[in-house]
Amino acid sequence: ASSALGAILAVLASLIITANALVAIVLLRLIQKSGSKGLYFVLNLAVADAMVGFTVMGLVMDEFSQPFYPPHIFCVLRMAFVTSSSAASILSLILVACDRHLAIRKPFHYFQLVTGLRVGVRLVGLWLVAAIVGFLPVLTPHFQNISTHEKCSFFRTFHPTYMLTVFCVGFFPALFLFIYLYCDMLKIASVHVQHIREVEHAGLAGGCPPFRTTSDMKAMRTVAVLVGCFTLSWLPFFIASVVQTVCSKCFPYKVIENYLWLLGLCNSLLNPLLYSYWQKDIRLQLSQLAADVKRRVL
């Protein structure tokens, strides 16, 4: 069972690193061409997801090194890096959704509001918050679960109160913020559609395509897909973690760590795949990158 879990983690981590590395290369090329500051948030999402893959590789080594009983502080630091990377990925999703929301709410002031300095400050703040969330058990020994002769895992390293704290302070607010942003974008898009219908009814449209409505729908579609995948990936893990915290014997923690946590990690693989499928610019850049590699190889 340990070897099977290690093999699954190894394949998942390899796919996460490869997919996000390709998307990061494509995004760098897009940023050089367009100069869009909003793409830095998507690039940061790819970097955070790639870091999730690298931190999972450490757990793969543990699974294939049985019996392996590292010191307690080693497990705390290793799981802190895993948690920080996952928190950075979730926070990056929030920044991407906020950026798309701002582009819809204030389209004429978007480029004045999204400057290089503001983007840099937000990204630095994001990684500081992610580091605080991940390394909180290191700074607060009360959140550590003292255990010996055990492999590194969440519930053998972190106290259940830490999982409850992360759920109440981190996951729930992030989910509610996602829902609020999407509902507000839906309201703004409906107002735009109503204005366009009024213009068409007055005979002033002149056969021009509704560009703003098309752009709004693309942004809403992107945010909706991200919110849906984020919820489906992480919600079962956090709900089971809360149940485990309240009633330690009501839910087997091995199911949470071996299956539901893997489902949450899949979100780091879905993010680059979704952007590669839904965003036309990224698809074009990927095809050009593949053509360049093929031409150089042949």
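Helices here are DSSP runs of at least four residues, numbered from the N terminus. The model you have open is predicted.

**Stop one: Ser-92.** Select Ser-92. You are in helix α3, which covers residues 72–105. Is Ser-92 buried or exposed? Ser-92 is buried, because its relative accessible area is 1% and buried means under 20%. Now show its contacts. Leaving out residues up to four places away in sequence, Ser-92 touches Asn-44, Leu-45, Ala-48 and Leu-126.

**Stop two: the annotated segments.** Select residues 80–98. An unreviewed UniProt entry places a "transmembrane region" here, and residues 119–140 are another of its listed ranges. Residues 80–98 are 100% helix and 0% strand. Move to residues 119–140. This stretch is 91% helix and 0% strand, with its end C-alpha atoms 31 Å apart.

**Stop three: the second largest pocket.** The second largest pocket holds about 460 Å³ of space. To find it, select Ala-87, Val-133, Val-166, Gly-170 and Phe-171, the closest to its centre of the 24 residues in the lining. Next, colour the helices around it. The lining takes at least two residues from each of α3, α5 (116–134), α8 (160–201) and α9 (211–246). Which helix gives the most to this lining? Helix α8 does, with nine residues. Finally, colour the lining by class. You will find 20 nonpolar residues, four polar ones and no charged ones.

Key. Residues are numbered from 1 along each chain as its sequence is written. This is a predicted model: local features need pLDDT of at least 70, side-chain atom pairs count only at pLDDT 80 or more; totals for chains, interfaces and linings use all residues. Side-chain values use heavy atoms; hydrogens and water are left out. Buried means under 20% relative accessible area, exposed over 50%, partly exposed in between (1.4 Å probe, protein chains only). Contact means heavy atoms within 4.5 Å. UniProt positions are given in the numbering used here, feature names are shortened, and annotations may be inferred rather than shown by experiment. On a 1 Å grid over the protein atoms alone, a cavity is a set of points where a 1.4 Å probe fits but cannot get out, and a pocket is an open set with protein on both sides within 12 Å along at least five of seven lines; lining residues have an atom within 4 Å of a point. Grid points are joined across faces, edges and corners, and a volume is the space filled by probe spheres set on the points. Ala, Val, Leu, Ile, Met, Phe, Trp, Tyr, Cys and Pro count as nonpolar, Asp, Glu, Lys and Arg as charged, and the others, Gly among them, as polar.
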